[in-house]
Amino acid sequence: MKPLLLGISGLMITILTIISFIVYQKPAFFMTSPFEIDITERTADPADTGEQVQEELQPVDYNEPISYSLQNNKLHLTYDSGEDWTEVPIETDQLFAGDYNGPEQELIDNSYVLTEDRAAFLHTDTVNPEQERVMLTYSTDKGETWEESEIASPFPGLRFRKVDFLDDQLGYVIISGSRTMSQEYSTAFLTEDGGETWQQTNSPEETRLIADGGFVDESTGFLSLGTISPEAPTLYVTQDKGESWQLAEFNMPEEYEPVFVIAETPVRDGEQLTVTLNQGPNGDYAGGLVKGEFISDDNGETWNFSKEVEPDETE
Amino acid sequence: MKQNNKKGWQRIVGIISLLIAAGLFCIQLGYLYVHSHYELVYIDHRLFYFINIVCIICLLLGIFLLLSTTKRFKLIIAGLAVLLIAVQLILLSSNNQLVKSMTSLSPNGQHVLSIKKNLMTEEMVYYRSYFGIFSRAQERFPSDVKDEMKVEWLADDIAAITYQTDDNSIQQFIATYGDRGGGISYYYVGAQTHGTWKGEDVELISNSEGIMITANGETEHFDWENTQQFGTLAIVLEKDNEAAWTISLDENFEVDSEMIQHPDENITLYRATMDDNEPVKLQRQSE
């Protein structure tokens, strides 16, 4: 009894003391940095001081001829690697308004389309915060002229936002808002006239936070829900332009059941559809970044496991 | 007989002490795991050393109460424990030069406000508590925040943090931990406060034009563009890039999607100043 008690006590003390010395002079052991939220960006507004120096515009992506800049509190586009610039008639605040607290040095992923044929930006109308509208400002002539269309009004607390066009006429917008804790309202809109008018689709009854979504053709679309502690993928599919939504079925191999939990947007691959499932924010299988690829032969209603995908294969 | 009772009592306390020590040891090991996997940290960095010290004391107590040892052995163990506690205190003191933690417990004891500053990088971060003693980084304060901060709990789930930046402008950050709408939908605090409110020497009128506050005979008007909402419980009114007032919803405030105004509900008005000041409770006035 005595040696055992003394031995265990000594071991505990030794381990605690060693840990204490290991973390000595290491603030990171007691402090972490927030992932994306910065109070600075909410409180400081250099535009109001009138004292800022106009910076020379630099494209966000040097590797592509078509890029943008958010410098000087304005959104500018370039189609020739930064030689010439076109100003977009949107206040930068409107691009980041709503339930978003991330960095504002780059546009929010998927909130814009920027190609040779089309530039389109999802944003809010912040003139009256109580009646916040979701708008799309777009140009099909490289910024010579701009059009603005209303997508949703009112739409408070815009969080998830995604816009994409499948061809020059057919496009979709998926947005969510009114978030409280881990619930929110998600919905999709379709356009068949290049973004001039938008028709709202019905929504699944589930109100968990949306992770991703998209349409693969004019009728077939997907909404992937459940970003907080998901235990299985929740992917809703529509095959009638959003009139009705069904929960897609995943034939998940047993060993992957608690692993691949969030579906990304499916893509068409010939006659089949392919979707990758990631591990969510807490995944730790094989480093946490490996994804699972699933294939559907019935337009997204049921999915069968295909293979594991290394992170660099999906990029 | 008396001797036996004392031994029985010692045995129970000794076992409890060892169990507490084992529990604290597990918490420390658990901390290593949740820190690396979930980015969680102790809500106050000093807790790490406090837990170590209590663990050492409990082990010492358990050994003394459960084992029959010589006086010399007890002296050695006690001396060792004092030495280890001194080491922990020195390490704590040293880490206090690197990290500064500021914590504040809500009036009902259910929430902990935690702000930490890395004294090397000057990074100051607001943390949200998880499981009582752990927390996760939530928002970063501006880099030019002065050290002094003022914390005032406006309700059991609303804490106002008032601070100054290097250019002496006053800012407010509101930490919110609840909701007044049943947690099912997002709503605008400004819209919910539409109406006339009165308190001691203060009148507040909120309408579609903005918010007008009359305090001690002076009237200030704020457009809605100059308001900033925090969570679904409070807004900060700003003037000239400085915080001027905070308006928060009291516990008896009922958020109503039909915008029905309940006559017996309250809001709290709190001026942004580094001087000592008290929040003012305002009562809704009938239209």
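Predicted model: local features only at pLDDT ≥ 70, side-chain atom pairs only at ≥ 80, totals over all residues.
## Strand 10 of chain A and its partners

Strand 10 of chain A covers residues 183-191, and seven of its nine residues are buried, so this strand is largely enclosed by the rest of the structure. On one hand it pairs with strand 9 of chain A, residues 171-180, in an antiparallel arrangement joined by eight bridges. Within this pairing, Val173(A) has Phe189(A) of strand 10 as its bridge partner. The two strands form a hairpin with two residues between them, and in this hairpin Met181(A) adopts a positive phi near 55°.

Strand 10 of chain A also pairs with strand 11 of chain A, residues 199-200, again in the antiparallel sense, and here the pairing rests on two bridges. In this second pairing, Leu190(A) is placed opposite Gln199(A) of strand 11. As background to these pairings, strands of a sheet are held to one another through backbone hydrogen bonds, in either a parallel or an antiparallel manner.

## An open sheet in chain A

Further along chain A, four strands make up an open sheet whose order is 12-13-14-15, with antiparallel pairing. The edges are taken by strand 12 (210-215) and strand 15 (246-247), each of which has a single partner strand, so one side of each is left without a neighbour in the sheet.

The partner of strand 15 is strand 14 of chain A, residues 234-238, and these two antiparallel strands are joined by two bridges. Tyr236(A) has Leu247(A), in strand 15, as its bridge partner.

Chain B has 287 residues, of which 35% are buried, and its secondary structure consists of four helices and 17 strands. When contacts in chain B between residues at least 6 apart in sequence are considered, 51% of them join residues that are at least 24 apart.

The contact between the chains involves 49 residues from chain B and 39 residues from chain A. On the chain B side, the elements that contribute two or more residues include helix 1 (2-38), helix 2 (46-66), helix 3 (71-96) and helix 4 (189-192), and among them are also strand 1 (40-42), strand 3 (112-118), strand 5 (134-140) and strand 8 (170-176). Helix 2 of chain B provides the largest share of this side, with seven residues. By residue class, the side of chain B that touches chain A comprises 27 nonpolar, 16 polar and six charged residues.

## Backbone features in loops

In chain A, the peptide bond leading from Ser153(A) to Pro154(A) is cis, with omega near -10°. Pro154(A) belongs to the loop that lies between strand 7 (147-152) and strand 8 (161-165) of chain A. Another loop of chain A, between strand 1 (67-69) and strand 2 (74-78), holds Asn72(A), a residue other than glycine whose phi has a positive value near 60°. Asn72(A) has 17 other C-beta atoms within 10 Å and is therefore partly exposed.

In chain B, Asp201(B) is likewise not a glycine and has a positive phi of about 60°. This residue is located in the loop between strand 9 (195-199) and strand 10 (202-207) of chain B. Asp201(B) counts as exposed because it has 10 C-beta neighbours inside 10 Å, where the cut-off for an exposed residue is 12 or fewer.

Note on methods:
Residues numbered from 1 in each chain as written. Chains lettered and ligands numbered in written order. Buried ≥ 20, exposed ≤ 12 C-beta atoms within 10 Å, placed from the backbone. Pairing = 2+ DSSP bridges. Contact = placed C-beta atoms within 7 Å. Nonpolar A, V, L, I, M, F, W, Y, C, P; charged D, E, K, R; others polar.
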